[in-house]
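Morning, everyone. I have one structure to show you today. Please keep your eyes on the screen while I talk.

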Amino acid sequence: MILSLFGIDNPLILPEMNKKHSITICLGSSCYTRGNDVNLEIIKNFLQVNGLKDQIDFRGHLCENSCSRGPMIKIDGTIYYEVTSSQIEKILLDTLLPSGKTVVSL
Ligand code: FES
């Protein structure tokens, strides 16, 4: 099951072709309680602060049976396992802003 994380996008009518990047975050109970609750807020804040909210297809999904390697997040098809809150900003910077675009501090 895929969930829209900004609450306004219906995945059935999203203009997918206009999205440059995609992020999916596991919201299953294991990943969520082991760090994705915080990672979710960090990602939402990062996208908002950097004006990327409308350029990223950001969704959540339920457990994908990789709980032992969670929290897991997928960005542009690459799965990141055991993502901590201290790692997520660097992952976002490296994947979404690799050209060194100015970032407002979170
Ligand atoms: S809860 Fe994330 S893989 Fe199971």
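Let's start with the strands. Strand β2, residues 21-26, is joined to β3 by 6 bridges, and the two run parallel. The model is a predicted one, by the way. Find H21, and you will see I56 of β3 opposite. How does the chain get from β2 to β3? The path goes through α1, and this β-α-β crossover is right-handed.

β2 also pairs with β4. Here the sense is antiparallel, with 3 bridges. Look at I25: the bridge partner in β4 is I73. One general point while we are on strands. In a regular strand, side chains alternate between the two faces of the sheet.

Now the helices. Two packed helices are described by the angle between their axes and the distance between the axes. For helix α1, residues 29-49, and helix α2, residues 85-96, the axes come within 9 Å. They cross at roughly 35 degrees. The crossing of α1 and α2 is right-handed. Which residues of the two helices make the contact? From α1, we have G35, V38, N39, I42, I43 and F46. From α2, we have S85, I88, E89 and L92. Sort the α1 and α2 contact by class and you get 6 nonpolar, 3 polar and 1 charged residues.

On to the loops. Take the one between β3, residues 56-61, and β4, residues 73-75: R69 sits there. R69 counts as partly exposed because it has 13 C-beta neighbours inside 10 Å. Set aside the neighbours within four places in sequence, and R69 is in contact with Y81 and E82. R69 and E82 are 13 residues apart along the chain, yet their C-alpha atoms are separated by 5.6 Å.

P71 is in the loop between β3 and β4 too. The peptide bond from G70 to P71 is cis, with omega near 0 degrees. Keep the background in mind: most peptide bonds are trans, and most residues other than glycine have a negative phi.

D76, in the loop between β4 and β5, is not a glycine, but its phi is positive, near 50 degrees. Is D76 buried or exposed? D76 is exposed, because 12 other C-beta atoms lie within 10 Å, and the cut-off for exposed is 12 or fewer.

Last, back to E82, in the loop between β5 and α2. E82 is not a glycine either, and has a positive phi of about 50 degrees. With 13 other C-beta atoms within 10 Å, E82 is partly exposed. Thank you.

Conventions: Residues numbered from 1 in each chain as written. Predicted model: local features only at pLDDT ≥ 70, side-chain atom pairs only at ≥ 80, totals over all residues. Helix = DSSP H or I, 4+ residues; strand = E, 2+ residues; numbered from the N terminus. Buried ≥ 20, exposed ≤ 12 C-beta atoms within 10 Å, placed from the backbone. Contact = placed C-beta atoms within 7 Å. Axes fitted to C-alpha atoms, helices over the stretch in contact; angles between N-to-C directions. Left-handed = near helix turned anticlockwise from the far one by under 90°. Nonpolar A, V, L, I, M, F, W, Y, C, P; charged D, E, K, R; others polar. Pairing = 2+ DSSP bridges. Right-handed = clockwise from strand over helix to strand, strands pointing away.
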